[in-house]
Amino acid sequence: MAKVTIGFGVVLVALGVWGYVATGSEHPTALIPVWAGLLFGLFGELANTESSKRRMVWMHVAVTVALLLFLGLIPAVVDEVRMLRGTVFPHPIAVEEKAAMSLLCLVFVVLCVRSFIAARRSRKLEVVG
């Protein structure tokens with residue numbers, strides 16, 4: 001999952017760059033996903049180790065941050081749905097970028113939870129077997 005975390009960071013960086021370019025490079029807040037992506041890249045790099053304890057700690061930190069981001073960006077998903085139904089927002093690209101970041105974080109959390117469950121089952125089988 002460490003490599004997935006790094007890949008997730010790269011996707012967030014790309015999203016941030018897209019948002020910044022799409023706004024005409026006028027709104028530096030569009031780069032917020034870039035900073036989040038760099039943070040996830042760091043988490044992934046720190047989790048990319050042979051030490052299972054260290055890997056578990058950094059992956060749990062990464063999934064916690066992703067969950068907090070998802071929860072904090074839920075209103076953006078609601079705004080995106082409203083925008084698709086015809087509501088006009090002053091900065092539609094910002095709404096799209098935040099909604100995309102929220103959904104990406106949700107996907108990352110689901111992937112991490114599945115991985116954690118599989119790892120726990122694997123450890124239980126090793127103890128029993």
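Arg82 and Asp79 both lie in helix α4, 3 residues apart, about one turn of the helix. Helices here are DSSP runs (H or I, at least four residues), with strands being runs of E of at least two, and numbering starts from the N terminus. The side chains of Arg82 and Asp79 form a salt bridge with an N to O distance of 3.2 Å, the criterion being a side-chain nitrogen of Lys or Arg within 4 Å of a carboxyl oxygen of Asp or Glu. By this rule the count comes to 1 salt bridge. Side chains of opposite charge can pair when their charged atoms come close. An α-helix has 3.6 residues a turn, so residues three or four places apart point the same way. Arg82 is partly exposed at a relative accessible area of 39%, and Asp79 is likewise partly exposed, at 21%. The classes are buried (under 20% relative accessible area), exposed (over 50%) and partly exposed (in between), with a 1.4 Å probe and protein chains only.

The model is predicted, and local features therefore need pLDDT of at least 70 and side-chain atom pairs count only at pLDDT 80 or more, whereas totals for chains, interfaces and linings use all residues. Residues are numbered from 1 along each chain as its sequence is written, and side-chain values use heavy atoms, with hydrogens and water left out.

The chain contains 5 helices and 0 strands, giving the pattern α-α-α-α-α along the sequence. The C-alpha trace spans about 60 × 25 × 15 Å along its principal axes. Of the 129 residues in the chain, 29% are buried.

Helix α4 comprises residues 74–84, and Ala76, Glu80 and Met83 are buried in this helix. These three residues lie on the same side of α4, because they cover an arc of only 65 degrees around the axis; the arc is that of the directions from the helix axis to the C-beta atoms. Ile74 is also located in α4, but is partly exposed, with a relative accessible area of 34%.

Ile74 belongs to a nonpolar surface patch of about 430 Å², which is made by Leu67, Leu68, Leu71, Ile74 and Val78. Patches are built from residues with over 30% relative accessible area and no salt bridge, where like charges are joined within 9 Å and nonpolar side chains (Val, Leu, Ile, Met, Phe, Trp, Tyr) within 5 Å. Accessible areas come from the Shrake-Rupley method with a 1.4 Å probe, and for residues only the protein chains shown count as cover. Helices α3 (52–72) and α4 each supply at least two residues of the nonpolar patch. The largest share, 3 residues, comes from α3.

The largest pocket holds about 260 Å³ of space. Its lining consists of Met1, Ser52, Arg55, Met56, Met59, His60, Ser115, Phe116, Ile117, Ala119, Arg120 and Arg123. The elements that give two or more residues to this lining are α3 and α5 (92–128), and α5 provides the largest share, 6 residues. Rolling a probe the size of a water molecule over the atoms shows where empty space is left. On a 1 Å grid over the protein atoms alone, a pocket is an open set of points with protein on both sides within 12 Å along at least five of seven lines, whereas a cavity is a set of points where a 1.4 Å probe fits but cannot get out; lining residues have an atom within 4 Å of a point. Grid points are joined across faces, edges and corners, and the volume is the space filled by probe spheres set on the points.

Two residues with positive phi were examined in the loops. Ser25, in the loop between α1 (2–22) and α2 (32–47), has a positive phi of about 55 degrees although it is not a glycine. Ser25 is partly exposed, at 39% relative accessibility. Gly86 lies in the loop between α4 and α5 and is exposed, at 53% relative accessibility. The C-alpha atoms of Gly86 and Val17, 69 residues apart along the chain, are separated by 26 Å.

Thr87 is also in the loop between α4 and α5, and is partly exposed with a relative accessible area of 31%. Its C-alpha atom is separated by 21 Å from that of Ala30, 57 residues apart along the chain. Gly37, in helix α2, is buried, with a relative accessible area of 2%. Gly37 and Ile6 are 31 residues apart in sequence and 8.2 Å apart in space, C-alpha to C-alpha.
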